[in-house]
Amino acid sequence: MPNVHEHDKQWLKGRLYGLPSLHKAAIMQGYKKQPSRREANLYVLQTTKAIAKVLGKDSHFYSVNVEDRDHKRQAQYHARCCIKIAAASNGSLLNTYNRIIHYITGYQITPPKLSEPVINNLKADTLNQTELAQVVGVLKRANDESWWKPKLRRQHNRQIETISRLLNQVNKHRGIYASNITVDNFKTQWQNNQELLENTIATNELDYSMSLAELSQLNVSNPAIRKAELMVRIRGFEDYAKQMGYSALFLTMTTPSKYHRSYSKSGDENPNWNGATPLDAQEYLNRTFQRIRASLNRDKITPFGFRIAEPHHDGTPHWHLLLFIPTEQQQALVDTFEQYCLEEDGDEQGAKQRRFKVEYIDPDKGSATGYVVKYVSKNIDGEGIDHDSYGKEATSSAVRIKVWASCWGIRQFQQIGGVGVTQWRELRRLSKITDQSLDWIEEIREAADSSNWSRYTELMGGVFCKRVDQLIRPLYGNANSLSAKSKQNPETIQQESRNCGNHPENSGITLSESENPIPESIAAFPELVSESAPESAENRYKATADTKHDRLELKTNRYGDALIKQLKGIICLGVEIITRVHNWTISMATKPKPLTWSSVNKCTSLN
């Protein structure tokens, strides 16, 4: 029907109130495709009820607003409500805990988890001091607006994207990989984050300063470094596999039809779609792969390699796996993958052709690394590729894929087997070790420094070596305690980082008090500062621990239920090597640049 009936305009306006203009336009397109006034109104009614269900609200009341300031206001509201709940609980810890958890879950937020023994002791009123701190930590989080805000923002982003998928706005004809409204949201947030990093200064004890924006370009936050490191590791696995006489397989796992929102060619709605989100599809792939690995372990088949998760045009994830395995075990591995990939809805049309694919990589025709480089590139920055799988410009598609991964919290790259990369990164911070008694560590450091992942893997114990058995392990310490421990331990070596006098990228960063307050959003960048989140003085809680010579003050997190752990260096057969030698103070720039603000919620009238 081409026009809205005069008597329906007010009702229709009320049903669409609060929706962004892109969602309104999509609903109105569907409205006008209906054959009659009755069918059109029923379509709007059913669609808006489905939207209300996504938002966890009554079908007669819902509102969508993507302005960031709403998240802050909502966070303050929820924190105040939890404070009131705690105040009205008559001093019963169990009653307070149950009511707080009920409140949090009522808003579709996952509450902090406590172990079953702690829950049982809470019910029996037999909590020890550590368990009591954990329970109180849950209550403190619920009373803290800074705990609520990122969760509300993440939830809202996913709700917006779920609604966009419901309205079939995520496909190669409308918004490939992620909806246009979500892409705009994340671009604005990224710009704000970048400006915040530029306004935040790290200063060490030598009075050397650098902005967090500059620091972010020196680690894997930089797409170029991230891609280069991935390719080095993949190539190292290939070289290691060649030495062992292994073969390479390239496998693709996809989901059943019910997880896909729309058809790949036309973009039309898939009638088999059951309302699943990309998270549901990712959970299916994770669950299937866990069963595959369990079966392979029973058969003593242990491949190693990398897994890449990327989206179909409608945002539904699929996996590519580059695996190395003894040639005689190839077929058994392929049969196991095929069995479990077809176990759910394996008889539907096209399942055997699309659900699982395998390609045997012939080294005479090309390397395994060269085979997957395009998949790595198109999922990071699109450099070196003209177009993606759907003919879209690769660099712009890479941005949308990044939005997709950020929105749904999907890990794009995962190493399968092999040794740890944390030790690799810490070793690359070090200059040459001249102590001849530590030549065995220097050999591993040299392999890491020369980007020889194959040799590094071999020296660390081999590709099948368990993490606890690897020759070098990461060294973590409690905040404010490691310096005193180092004085007591004669085997601790404080190895100077290369050019550590002026370059913060070669050392760790420890937060400390500053005259300038630190915005809470800095906590979103732990890889740039440290593993400890910034906290105010009034929320700082300190516990003490007895040592042989000192009483060390161990700093806990702001909720007092866990000690703050910081990566300090590496430990090799009892020898500690400190790679993060500087202490850093974080402060805001004297004249910070104003942050960009942009509202994506462009609600318009029906006309």
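**Salt bridges across the chain**

So, searching the whole structure turns up 23 salt bridges, meaning a side-chain nitrogen of Lys or Arg within 4 Å of a carboxyl oxygen of Asp or Glu. Keep in mind this is a predicted model, where local features need pLDDT of at least 70, side-chain atom pairs count only at pLDDT 80 or more, and totals for chains, interfaces and linings use all residues. Residues are numbered from 1 along each chain as its sequence is written, and side-chain values use heavy atoms, with hydrogens and water left out.

Let's start with Asp144 and Arg558, whose side chains pair at 3.7 Å, N to O. Asp144 sits in the loop between α7 and α8, and Arg558 in the loop between β11 and β12, so this bridge ties together parts 414 residues apart in sequence. Those labels are DSSP runs numbered from the N terminus: helices are H or I, at least four residues, and strands are E, at least two. Asp144 is buried at 17% relative accessibility, while Arg558 is partly exposed at 22%. Here buried is under 20% relative accessible area, exposed is over 50%, and partly exposed is in between, with a 1.4 Å probe and protein chains only.

Next up, Arg580 and Glu426: their closest N and O atoms are 2.8 Å apart. Arg580 is in the loop between β13 and β14, Glu426 is in helix α17, and 154 residues separate them. Glu426 is buried, at 2%.

And which residues do shared partners join into one network? That would be Lys258, Glu283, Arg287, Glu344 and Asp345.
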